[in-house]
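Please read it alongside the sequence and the coordinates.

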Amino acid sequence: MRLDKYLKVARLIKRRTVANEACDAGRVLVNGKPARASYDVKVGDVLEITMGTHPIRAEIVSINEYAKKEEAGMMYQIIAP
């Protein structure tokens, strides 16, 4: 699944266009490297999102194309800084 779509489906970022813009601006890192919106995410990848004052660091636990609201929080695990 594309990185921008994953960020939207997992509800880490509200809109896919915002996720795409964040990737283009270099505010989304995958495994410590800036990633493009077209990056194909895999289970085990570590995401670092810098939006606002609180950066988010999360590990991808599962990938689901059509996650419901209740399932979105189970797609990743927050990692303490």
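Five strands make up an open sheet in this predicted model, in the order E2-E1-E3-E4-E5 and with antiparallel pairing, where two strands are taken to pair if DSSP finds at least two bridges between them. Strand E2 (33-34) and strand E5 (76-78) stand at the edges with a single partner strand each, so one side of each has no neighbour in the sheet. Strands of a sheet pair through backbone hydrogen bonds, in either a parallel or an antiparallel manner. Helices (H or I, at least four residues) and strands (E, at least two) are DSSP runs, numbered from the N terminus. Residues are numbered from 1 along each chain as its sequence is written, and side-chain values use heavy atoms, with hydrogens and water left out. Because the model is predicted, local features need pLDDT of at least 70 and side-chain atom pairs count only at pLDDT 80 or more, whereas totals for chains, interfaces and linings use all residues.

The individual pairings can be followed across the sheet. E1 and E2 pair in the antiparallel sense over two bridges, and Leu-29 has Pro-34 in E2 as its bridge partner. Leu-29 also stands opposite Glu-48 in E3, and E1 and E3, running antiparallel, are joined by three bridges. Between E3 and E4, likewise antiparallel, there are four bridges, and Leu-47 is partnered with Ala-58 in E4. E3 and E4 form a hairpin with six residues between them, and Gly-52 in its turn has a positive phi of about 80 degrees.

Taken as a whole, the chain contains three helices and five strands, which follow one another along the sequence as α-α-β-β-β-β-α-β. For 81 residues a compact globule would have a radius of gyration near 12 Å, and the 11 Å of this chain agrees with that; the radius is taken over C-alpha atoms, and the globule rule is 2.2 Å times the number of residues to the power 0.38. The C-alpha trace spans about 30 × 25 × 20 Å along its principal axes. Of the 81 residues, 33% count as buried, where buried means under 20% relative accessible area, exposed over 50%, and partly exposed in between (1.4 Å probe, protein chains only). Among contacts in the chain with a separation of 6 or more, 35% are between residues 24 or more positions apart, a contact being heavy atoms within 4.5 Å.

Which residues have the most contacts inside the largest nonpolar core? They are Leu-3, Tyr-6, Leu-7, Leu-12 and Leu-47, within a core of 23 residues. Helix H1 (3-9), helix H2 (16-24), strand E1 (28-30), strand E3 (46-49) and strand E4 (56-60) each supply at least two residues of this core, and its largest share, four residues, comes from H1. Such a core is a set of buried Ala, Val, Leu, Ile, Met, Phe, Trp, Tyr and Cys residues joined through side-chain atoms within 4.5 Å.

| Salt bridge | N to O distance |
|---|---|
| Arg-2 and Asp-4 | 3.1 Å |
| Asp-4 and Arg-16 | 3.3 Å |
| Lys-5 and Glu-65 | 3.0 Å |

Asp-4 lies in helix H1 and Arg-16 in helix H2, so their pair ties together parts that are twelve residues apart in sequence. Asp-4 is buried at 2% relative accessibility, whereas Arg-16 is partly exposed at 34%, and Arg-2 is likewise partly exposed at 34%. Lys-5 is partly exposed at 23% relative accessibility, and Glu-65 is partly exposed at 35%. Through shared partners, salt bridges join Arg-2, Asp-4 and Arg-16 into one network.

Definitions and conventions
A salt bridge is a side-chain nitrogen of Lys or Arg within 4 Å of a carboxyl oxygen of Asp or Glu.
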